[in-house]
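Trainee: I am new to this one. Could we go through it together?
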Amino acid sequence: MELTCIPYTSFEEEEEEERKKKKKKKKKKKKENGLSLIEVNDWYGLDSEVIYPQGMSVTMPEEFQVQLMRAIPGLESVELVRPGYGVEYDYSDPRQLTSTLETIPVRRLFMAGQINGTTGYEEAAAQGIIAGINAACLAQNKPALTVGRSEGYIGVLIDDLTTQGTSEPYRMFTSRAEFRLSLRPDNADLRLTHKGTGTVYVDVWVRSLSSVVFEACLGSSVKESEVAVLTFKGIAVLHKAF
């Protein structure tokens, strides 16, 4: 009697083949309608006749936008106050940047924001502060400021861009960070303040913090000079001072 051995993977292959057949049989239905909410535009006031069609964001030529809006029942005579528009911008491969956001081909040229393939205000601001600080440090012959993946989301963003690049507008999601459980707002001072010691930004911040701490210490035995020294030793020491 002969035994036939069937590999375990064959069952998986059969299931995969079955799924492909079902997918081919399933025809995609054409979408003939969509939902659009007509909202009052607060910018022009609640008594204004200007309305905003939520869910109708388009960037096609203005004449086609007019036809589209007038195809909506009740808006047959509508006029556009401001047609929809799209913003196009140049894109440079971020893999040609260092971790300081300085370009490798061109020395002393720093790039930040959408030109690196990102989208969003926070992403642009994060790159801007790193590029700006490093540009100032380079001009003053000071050490560069870099943030690692385990030190902040800025580090994750810059590392992803400079090592992997991006094929679509990049957003900084918490799921991209391996150390997201330790990257919290309550420990940001302990993670990052010491990295900025000596830079213009942190020096100004420390001086302003010194005055705040001194006011909090008024009436105690802590002197103004002692408070200033404590601030330069970091937030952890300040916590002990209280």
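Trainee: What covers the buried residues of helix 3?
Mentor: The cover includes helix 4 (153–164). This is a predicted model, in which local features need pLDDT of at least 70, side-chain atom pairs count only at pLDDT 80 or more, and totals for chains, interfaces and linings use all residues. Residues are numbered from 1 along each chain as its sequence is written, and side-chain values use heavy atoms, with hydrogens and water left out.

Trainee: Which residues of helix 3 are buried?
Mentor: They are Glu123, Ala126, Gln127, Ile130, Ala131, Ile133, Asn134, Cys137 and Leu138; buried means under 20% relative accessible area and exposed over 50%, with a 1.4 Å probe and protein chains only. Seen down the axis of helix 3, these residues fall within an arc of 160°, so they line one face of the helix. The arc is taken from the directions from the helix axis to the C-beta atoms.

Trainee: And what is exposed on the other side of helix 3?
Mentor: Tyr121, Glu122 and Ala139 are exposed there.

Trainee: What follows helix 3?
Mentor: Asn141 follows helix 3, and its phi is positive, near 60°.

Trainee: Changing topic, what is the volume of the largest pocket?
Mentor: Its volume is about 620 Å³. Of the 24 residues that line this pocket, Ile51, Tyr52, Pro53, Arg82 and Gly84 are the closest to its centre.

Trainee: Which element gives the most to that lining?
Mentor: Strand 2 does, with three residues. Strand 2 (51–54) and helix 2 (62–70) are the elements that give two or more residues to the lining.

Methods. 1 Å grid on protein atoms, 1.4 Å probe; cavity = no way out; pocket = protein on both sides within 12 Å on 5 of 7 lines; lining within 4 Å. Points joined across faces, edges and corners; volume = space filled by probe spheres on them. Helix = DSSP H or I, 4+ residues; strand = E, 2+ residues; numbered from the N terminus. Contact = heavy atoms within 4.5 Å.
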